[in-house]
Amino acid sequence: MSTIEPIHVIGGGLAGSEAAWQIAQAGVPVVLHEMRPVRGTDAHKTDGLAELVCSNSFRSDDAETNAVGLLHQEMRTLGSLIMAKGDANQVPAGGALAVDRDGFSAAVTAALEAHPLVTIERGEIAGLPPDDWSSVIIATGPLTSPALAQAILDLTGETSLAFFDAIAPIVYRESINMDIAWFQSRYDKVGPGGTGKDYINCPMTKEQYDAFVDALLAGEKTEFKEWEANTPYFDGCLPIEVMAERGRETLRHGPMKPVGLTDPRNPDRKPYAIVQLRQDNALGTLFNMVGFQTKLKYGAQTGIFRMIPGLENAEFARLGGIHRNTYLNSPKLLDPTLRLKAMPRLRFAGQITGCEGYVESAAVGLMTGRFAAAERLGRPIRPLPHTTALGALINHITGGHIETIDEGPRSFQPMNVNFGLFPPLDRAPKAEDGKRLRGSAKAIARKKALTDRARADLAAWLSGSALPAAAE
């Protein structure tokens, strides 16, 4: 019988299940607390661990040119339970990894139930965990119980955890047409950390603006579920199409106002409206569309937003969306190993940290479990290279984003893993004959170079890690 004090994991979703597995595989006992079926949720249908409540897809499994596929590979390398059971319960999905959701959940549940160092306790943890739990991982997801959410609010001094994410699209910087757009802050204002040229500006004529508003009004929108009806919008942000419904000129006097901005190529011609994009990560590879939070369905967004001059060939790291969520202002509240600064015995994992997606949630759970196990065993915790998919994701959560330059909603928002979170390459890949690559060949070569670098850096990190890869 182990004499090591157990680590407690609250939440039996993908993140909690993965965290518990990593802890147990490191030789540390773990108690996994899942409130279902004692207390159910509006989204879950079973009492199985790692239940998939929405899609059954883990998205692309391409580890050469896709960031989430690379994340799959890194998680497999580190002995991920979620990836092992996903692979074992795969269903046909082309280049994606999709799973039989019932078989997957049953397999994860069975593996954890059979592990000699895992104890599963059913029941809600109301409020903060007991004081004598010296190491706790909270992985309660977007449907965190009200009592625990309130306790976190009281502890951190935050004002809200539950809200509708009306989130804006994020565009890859390299896909913006700078022959049309230009850099400038409104009135050339130099804010904290700014230079006076901190926004990318895309101008519109009256005709272009009217056509854009018409498209917004006609676009197909996401509808709320009945149990979401009374949840407020995040930071009071209204979706752009809701603003458009309030009058054709509303957007011109809101996020698309043209005042204080001058096109250097046409200084005498005043744009009728302007769309601004603001740097979204410290690397400068991603830019978000300021004020363009939306509940348009994905199918409508790409076509409508490519109507904007300068974005006609835009590629999106994330489309806009709206859903009820619960997450922390993690860059402010969490340290680099995902401990709560106000109470370091608590760590957080999964969607509550501000990652988005099944795989990303499990990945953060994996690393949180490894961090907690290393700490319990008194072993050093080495930070992940930011060049890896795992490291880039955690870096974004714990501070890799960029703060808002002027007043407005806070910039930290849920994010899927994508290549825009990775540090740029030292040099651009070239063709075999040494010539510069262009178009799709350039994009593919860049992605392969990023994934090659990530694999090499993860291998180097793992060779010096205090914890080996967990074998199933």
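Let's start with strand 17, residues 343-348. 5 of its 6 residues are buried, so this strand is largely enclosed by the rest of the structure. Buried means under 20% relative accessible area, exposed means over 50%, and partly exposed is in between, with a 1.4 Å probe and protein chains only. Strands here are DSSP runs of E with at least two residues, helices are runs of H or I with at least four, and both are numbered from the N terminus.

A word on the source. This is a predicted model: local features need pLDDT of at least 70, side-chain atom pairs count only at pLDDT 80 or more, and totals for chains, interfaces and linings use all residues. Residues are numbered from 1 along each chain as its sequence is written, and side-chain values use heavy atoms, leaving out hydrogens and water.

Back to strand 17. Which strands pair with it? Strand 7, residues 136-138, pairs with strand 17 in the parallel sense, over 3 bridges. There, Ile138 stands opposite Phe348. Strand 16, residues 339-340, pairs with strand 17 in the antiparallel sense, over 2 bridges. Leu340 faces Met343 in that pairing, standing opposite it. Strands 16 and 17 form a hairpin, with 2 residues between them. For pairing, DSSP must find at least two bridges between two strands.

Strand 4 and strand 5 (residues 96-99) are antiparallel, over 2 bridges. Val91 stands opposite Ala98 in strand 5.

Now the cores. The largest nonpolar core has 82 residues. Among those with the most contacts inside it are Phe58, Met75, Phe348 and Phe422. Helix 10 gives the most to this core, with 10 residues. A second, separate core has 34 residues, including Val171 and Met289. By nonpolar core I mean a set of buried Ala, Val, Leu, Ile, Met, Phe, Trp, Tyr and Cys residues joined through side-chain atoms within 4.5 Å.

Take Met75. Beyond its neighbours within four places in sequence, Met75 is in contact with Ser80, Met83, Val359, Ala362, Ala363, Leu366 and Leu390. Contact means heavy atoms within 4.5 Å.

On to the loops. Thr387 lies between helix 10 (358-376) and helix 11 (389-400). Is Thr387 buried or exposed? Thr387 is buried, because its relative accessible area is 13%. The Thr387 side chain makes a polar contact with the side chain of Asp457, at 2.6 Å. A polar contact is a pair of N or O atoms within 3.5 Å; within protein, one must be able to donate a hydrogen and the other to accept it, and residues adjacent in sequence count only if both atoms are side-chain atoms.

Ala428 lies in the loop between helix 11 and helix 12 (439-463). Ala428 counts as exposed, because its relative accessibility is 55%. Ala428 and Arg446 are 18 residues apart in sequence and 7.0 Å apart in space, C-alpha to C-alpha.

Last, cysteines. The structure holds 0 disulfides, a disulfide being a pair of cysteine sulfur atoms within 2.5 Å. Cys202 counts as buried, because its relative accessibility is 0%. Cys355 is buried too, at 0% relative accessibility.
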